[in-house]
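Have the model open as you read.

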Amino acid sequence: MTAYPRGSEWRKWDLHVHTPASVLQSEFGKDWDGYVVTLFRRAIEENISVIGITDYYLPEGYEILRRDYLENSEKLKELFDEEAISAIKEIKVFPNIEFRLSKLVIGKERDLSWNRKVNYHVVLSDELAIEKINSDFISQIQFCFNASAGAELERRPLTKSNLEDLGRRLIAEHPEFDKYGNALFVGMMNASVDENELIKLLRNNTIFRDRHLVALPCDEDLSIVNWNSQGHMLRKSLIKQAHFIFSSNPNTAAFFLGGKDKVGFVREFGAVKACLWGSDAHCEGKLFKPDNNRHTWIKSDPTFEGLKQVIYDPSSRVVVQELSPQQKSSYQTIDRVRFVNKAGVGSFSESWIVLNPDLNTIIGGKSSGKSLLLYHIARSVNRDEVDSKVRLSKSSTYSGIELGDFEVLWSNGDISKLSDLEGKKPLTYIPQLYINHLAEEDGKEQLNSLVKDILLQSKGFREFSEFQEGVIISLGKEINSKVDYYFELRDKFKVLSKQSEEFGVKAAVVLEIDRLRQEIKSLREKSGFTEVEENWYKFLASRKATLEKRELVIGKIESAADKMVNISSTLLGSLINDFKEGLTSEVGLPYDSTYLANSLKLLEKKVGDAVVEFGLEIMARFNSIESSKARIALEYIDIDKKLQPLLIKITDQELLNLTIKKLNDEEVKLKFLNEILERQVSIKALGLECLEELAGLYSGRVCAYRDYAAEIDKPEYQFESGLDVSAVVEFNEDKFNEFLFSFDRRGSLEALLSGLLAPDGSFNFNLDSHAERVENIRAKIIKKHGVPLVRKGVEDIDLLKKLYSDCFYISYVVRYRDDDIATMSPGKRGLVLLNLILHLSNSSHPILIDQPEDNLDNRTIYDQLKDFVRQKKSSRQIIMVTHNANLVVAADAECVVVANQDGQQLNVDIDLPRFDYFSGGLECSFERTSDDGTLRNQGIRQHVCEILEGGVTAFKEREMKYGLKI
């Protein structure tokens with residue numbers, strides 16, 4: 001039996017191709033060799049996997065093709081080379097017998113033509129012998145041959161000779177038929193059969209019972225047909241009897257899948273049905289060229305059992321369109337995997353295990369290597385992902401397995417190896433118990449991360465999240481900066497206070513100044529100074545001091561000017577060199593460029609001239625400086641002359657000078673004290689302003705978190721399948737405890753925390769009042785009011801930074817059908833969590849799941865979990881270990897990998913590897929061929945029924961779901 005280890009794949013089928021033996025209409029001529037060559041060459045070119053050879057009434061064309069060509073190796077070698085023959089052997093050929101029923105579907109009068117009789121197709125398995133088809137089916141069919149008044153219709157067996165007899169009689173009775181010139185043509189054109197008789201023959205004969213399908217062609221758009229007509233019952237009955245419909249009309253296809261009311265459709269028509277299409281080729285130009293390039297793509301093995309899958313899963317197994325439905329990116333699907341044994345140890349089969357791009361399920365008995373295979377696939381692709389999930393779920397790491405290596409071949413040709421410690425590709429791995437862990441309280445962080453990852457798939461939310469998180473981070477930096485600034489102000493205030501202490505107390509300085517002024521006044525009165533003389537003396541003394549200062553400044557300017565001239569000359573050379581190098585590197589001209597050299601010479605001259613001119617202008621200013629010095633000297637002499645008579649009048653000159661000096665010193669002190677006090681007032685105001693800004697920034701952080709949570713309530717971010725998500729701002733107690741642990745005794749914190757701490761020691765968090773509470777705590781810390789002792793080495797700045805640290809996080813609330821996940825049973829919670837994981841579809845990389853059915857009952861799995869899996873496998877490769885038949889059969893797994901460990905079955909061949917794997921699709925079905933215990937001695941369907949509890953029931957439910965009996 002041909003093996004298809006990858007299971008159900010999208011392949012191009014054409015079940016409606018005629019032959020030269022198609023009597024009613026054929027443009028192929030009589031050259032069968034030419035027909036066969038063209039048929040298969042075109043099939044290979046068009047990548048056709050299955051052909052339905054269509055004959056009217058009698059499978060003569062199919063018989064010729066199979067007997068004289070496909071089963072005649074010498075004939076094939078005569079017509080084709082070895083490569084073509086190999087390709088032809090991969091193409092399946094089914095007999096498709098087209099009948100005309102004794103029923104008319106009539107619209108208007110012009111439709112009363114012979115081709116308005118209902119066409120009826122019976123597609124048979126290629127495993128049926130043509131002799132049995134003719135003897136046990138075709139020749140058993142009766143067709144209407146003649147009629148007479150008041151008598152029962154004469155009926156004859158459907159044979160070629162009887163059809164020819166009918167044609168000859170009709171030509172004799174109606175000479176117009178003679179224009180066709182062929183009695184068999186006229187007989188077939190007028191013959192009709194009863195569909196109930198066809199079905200009865202096929203159902204009652206065990207040879208055909210499971211090896212036939214009935215198809216009803218439909219030229220109408222049944223989505224708009226008037227079902228209120230007399231043809232209602234006729235149409236409905238024919239539709240109910242058919243296994244599938246021949247139609248390429250998208251509206252008709254949608255109609256037969258139930259449209260918007262699938263339940264109502266099933267109630268009326270019995271089951272949803274698949275629409276298939278073919279080229280209906282009667283000439284070479286039409287071979288595998290259906291109208292509008294509407295090819296039939298069927299996801300199954302190219303076998304008759306594969307064709308039957310369109311009945312069990314009409315919505316997912318067949319599509320009529322131009323391009324293949326398989327559009328997953330090759331770099332995001334795993335093509336095959338294999339174990340590489342350690343030298344000298346042969347525990348594993350080293351054969352490649354091929355995988356399907358859609359749903360792969362790994363089944364097997366206990367300790368058969370199912371989870372082991374999944375683990376090694378995942379760890380070869382992304383060890384960080386696996387190690388993280390295993391650590392959280394405490395799952396097995398299979399560290400005791402003696403393994404040389406493990407290889408994962410991607411569909412694009414990339415290879416991931418277990419031994420490659422650096423290589424890593426995106427992958428989601430869900431080990432056993434991981435979902436249970438998420439469902440528990442300590443899995444809250446992972447749940448939040450999971451929900452956020454899903455939300456980030458939305459471009460709108462991603463942009464909002466990046467912006468809002470940027471705002472929160474920016475606010476955190478500003479808060480820290482403000483705390484630093486506040487304590488810088490405090491340090492400056494302390495320094496000023498210390499300086500103030502060095503100068504003394506302001507009140508004492510003021511008193512000392514008043515005393516010294518009185519003493520100076522007394523000394524001057526004693527000297528006989530008049531008030532006018534005293535004022536004149538003060539003016540002259542002040543002017544003299546000013547001249548002294550001006551003379552000092554002029555001296556400094558003279559020295560600076562001289563240095564300027566000398567240094568500018570010294571720096572000229574390096575300045576010009578730097579300038580020239582910079583220009584040369586930027587302009588992009590060659591170093592030997594004449595233009596560049598001339599330009600640089602011009603530059604050097606201009607800059608040199610400028611420096612010389614600068615020096616001359618500086619030196620020219622000395623003239624004005626010298627005249628100023630002369631004026632100061634003359635005025636200084638004049639002041640000394642005017643002071644001389646006044647100084648003579650002072651009797652105690654030394655004491656007066658000393659007292660005046662003391663007064664000046666005290667006045668300087670007072671000036672400094674006033675400046676310090678002014679600066680302290682300013683710093684205090686800045687400090688208060690800084691604290692207000694801190695409060696505003698902290699409130700801004702609260703608002704930013706509140707806005708983040710509110711954003712998630714928008715409808716565009718909600719999930720499908722009854723899942724709703726919202727968010728709340730939670731208090732990070734561990735983070736806030738860093739602040740509390742700064743104090744010696746937590747028991748004395750109640751007064752400090754202003755209601756934030758409940759009597760039982762828990763936190764009384766309220767987002768609306770939290771910022772205000774933090775400000776109250778801050779005020780107490782600043783004022784040292786009601787603050788417990790802090791731990792050694794903890795400073796006020798540490799307290800404030802920890803108090804103002806980001807103690808919030810977004811917690812996601814997930815509801816499924818209005819039920820909060822937090823209140824669900826563990827099993828239902830696990831189901832919702834798995835659904836969330838599967839919602840990460842935009843990531844598109846493979847997802848590997850180990851036994852997701854844990855804690856779920858069969859009804860929940862069948863009703864909900866399998867739908868989640870079916871929904872996501874179309875956009876994401878899934879590889880899943882399971883013990884549940886519904887996750888294999890009802891989820892319609894494209895590939896089933898059967899695992900086995902040597903010794904699990906009786907009579908095991910000792911040469912087999914310890915662990916072995918066998919794969920294929922659900923349609924891979926054949927009974928046990930031997931009792932050697934190997935995996936390959938029976939089909940995948942039989943393995944599923946044998947290994948999985950409820951496997952037989954799952955298949956029956958799947959096949960009876962549509963009310964069909966095959």
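Start with two phenylalanines: Phe99 and Phe137 are both buried. Keep in mind that this is a predicted model. Their rings form an aromatic pair of the edge-to-face kind, with 6.2 Å from centre to centre and 85° between the planes. Phe99 sits in strand 3 (residues 92–104), while Phe137 is in the loop between helix 5 (130–136) and strand 5 (142–146), so the pair links parts of the chain 38 residues apart.

Phe40 and Phe80 make another edge-to-face pair, at 6.4 Å centre to centre and 80° between the planes. Here Phe40 belongs to helix 1 (residues 32–45) and Phe80 to the loop between helix 3 (73–79) and helix 4 (82–90), so the contact ties together parts that are 40 residues apart in sequence. Phe40 is buried at 0% relative accessibility, and Phe80 is buried too, at 7%.

Overall, the count is 37 aromatic pairs. Further along, ring pairs join up into a cluster whose members include Tyr698, Phe731, Phe763 and Tyr804.

Cys275 is buried, at 8% relative accessibility. Cys924 is in no disulfide either, with the nearest cysteine sulfur, that of Cys895, 10 Å away. Cys924 is also buried, with a relative accessible area of 11%.

How values were computed
Residues numbered from 1 in each chain as written. Predicted model: local features only at pLDDT ≥ 70, side-chain atom pairs only at ≥ 80, totals over all residues. Heavy atoms only, no water. Buried < 20%, exposed > 50% of the residue type's maximum accessible area, 1.4 Å probe, protein only. Disulfide = S-S within 2.5 Å. Phe/Tyr/Trp six-rings, centres within 6.5 Å; stacked < 30°, edge-to-face > 60°. Helix = DSSP H or I, 4+ residues; strand = E, 2+ residues; numbered from the N terminus.
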